[in-house]
Amino acid sequence: MSCVQGPKKHGLPREVLKWLLSLSLSFYPRNVRRDFSNGYLVAEIFSCYYPQDFPVHSFDKGTSLSAKQRNWSQIERFLEKKNLHLMKEVIDGTIHCKPGAAELLVQEVYTIVTNRRGVQGPESDFTDGKYQDLLPTLASSTASQAIKNNLRTTEIMAEPDITTNQRKAGVILLRHLQHKAAERVHNPGRFNVKHNLGYLAARNPVPPSRADGFHDSHSSRDSTSKSCSSSTGSGAAVSFKEIKVCQPVRRSLVN
């Protein structure tokens, strides 16, 4: 009896996991996306390497959006003083628990504090697009579910501008429609797609000899027309001949 395997989760590399185990953290991150979102564990990691400049007691362990924003603002100010940088998109994705953002953030922190390059996984756009590609058609998300999965409530709370959120939702909806259109192309029988006659008509390739002759005839015709137009436009004399037409005499029928 065979069972369908679920999508493989791309977590942290083994080297980075061993590095996290070697640090004296208050707790081990079992759920990377959840445990690193508030920034407290990131503050503990930096405090192990910069104990004088990075007091852990000034950070909050809460999981609310305000607590996350306060913690990450302190971290960003500290990194700016040390001339260290973390990508803003990665920080925002970690705060809002976007897929793949926390894993990329931990690897960047590992590179900063150890000067060693972590094993970078495939680039992620912090959406569930790769997960949706692995699902069958019946299990894929609807349009409303796609917006819910990729536009978090905390994002709307952090950026309450209606125009910005509408633009984000429009991008997500466009990506969802493109995914559905690709599914219809790859599996037309599933959607009962009926092609028109233009799509079903056989297309015979033009032989090279006919194509060359067609091109030569058109090129000669174009050159002739160009020469005629150039001769006329150059002011050459054109002769006209007058034609006289004799009209028949109409006789009246009146007696």
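Biologist: Where does Asn83 sit?
Modeller: Helices here are DSSP runs of H or I with at least four residues, strands are E runs of at least two, and both are numbered from the N terminus. On that numbering, the place of Asn83 is in the loop between helix H4 (65-81) and helix H5 (88-95). Before we go on: this is a predicted model, where local features need pLDDT of at least 70, side-chain atom pairs count only at pLDDT 80 or more, and totals for chains, interfaces and linings use all residues. Residues are numbered from 1 along each chain as its sequence is written, and side-chain values use heavy atoms, with hydrogens and water left out. So, to your question, Asn83 sits in the loop between H4 and H5.

Biologist: Is Asn83 buried or exposed?
Modeller: Buried means under 20% relative accessible area, exposed means over 50%, and partly exposed is in between (1.4 Å probe, protein chains only). Asn83 has 58% relative accessibility, so the label is exposed.

Biologist: What is the phi of Asn83?
Modeller: Asn83 is not a glycine, yet its phi is positive. The value is about 60 degrees.

Biologist: And Asn115, which loop holds that residue?
Modeller: Asn115 also has a positive phi, about 55 degrees, without being a glycine. Its relative accessible area is 70%, so Asn115 is exposed. As for the loop, Asn115 lies between helix H6 (101-114) and helix H7 (129-134).

Biologist: How many disulfides are there in the whole structure?
Modeller: A disulfide needs a pair of cysteine sulfur atoms within 2.5 Å. Cys48 is partly exposed at 36% relative accessibility, and Cys97 is partly exposed at 22%. The search of the whole structure gives a count of zero.

Biologist: Which residues form a nonpolar patch on the surface?
Modeller: Patches take residues with over 30% relative accessible area and no salt bridge, joining like charges within 9 Å and nonpolar side chains (Val, Leu, Ile, Met, Phe, Trp, Tyr) within 5 Å. Areas come from the Shrake-Rupley method with a 1.4 Å probe, and for residues only the protein chains shown count as cover. Tyr28, in the loop between helix H1 (14-22) and helix H2 (32-35), has a relative accessible area of 32% and is partly exposed. Together the patch has about 260 Å² of accessible area, and its members are Leu17, Leu21 and Tyr28.

Biologist: How many salt bridges does the structure hold?
Modeller: A salt bridge is a side-chain nitrogen of Lys or Arg within 4 Å of a carboxyl oxygen of Asp or Glu. Glu76, Lys88 and Asp92 are linked in a network of them. The count for the structure is seven.

Biologist: How many residues apart in sequence are the parts that Glu155 and Lys98 tie together?
Modeller: Their side chains meet in a salt bridge, 3.1 Å from N to O. Glu155 lies in helix H9 (residues 153-158) and Lys98 in the loop between H5 and H6, so the parts tied together are 57 residues apart.

Biologist: Is Glu155 buried or exposed?
Modeller: Its relative accessible area is 9%, so Glu155 falls under the cut-off. For Glu155 the label is buried.

Biologist: How far apart are the closest N and O atoms of Glu183 and Lys180?
Modeller: The two are three residues apart in helix H10, and therefore separated by about one helical turn. Glu183 is buried at 12% relative accessibility, while Lys180 is partly exposed at 23%. They form a salt bridge, and the distance is 3.8 Å.

Biologist: How many aromatic pairs are there, and which kind is Phe54 with Phe59?
Modeller: Rings of Phe, Tyr and Trp (its six-membered ring) pair if their centres lie within 6.5 Å; planes under 30 degrees apart count as stacked, over 60 as edge-to-face and the rest as tilted. The structure holds six pairs. Phe54 and Phe59 lie 5.3 Å centre to centre with 10 degrees between the planes, and the pair is stacked.

Biologist: Which kind is the pair of Phe54 and Phe78?
Modeller: Phe54 is buried at 2% relative accessibility, and Phe78 is buried at 7%. Their ring centres are 4.3 Å apart and the planes are at 80 degrees, so the pair is edge-to-face.

Biologist: Which residues do ring pairs link into a cluster?
Modeller: Phe54 and Phe59, both buried, belong to the cluster.
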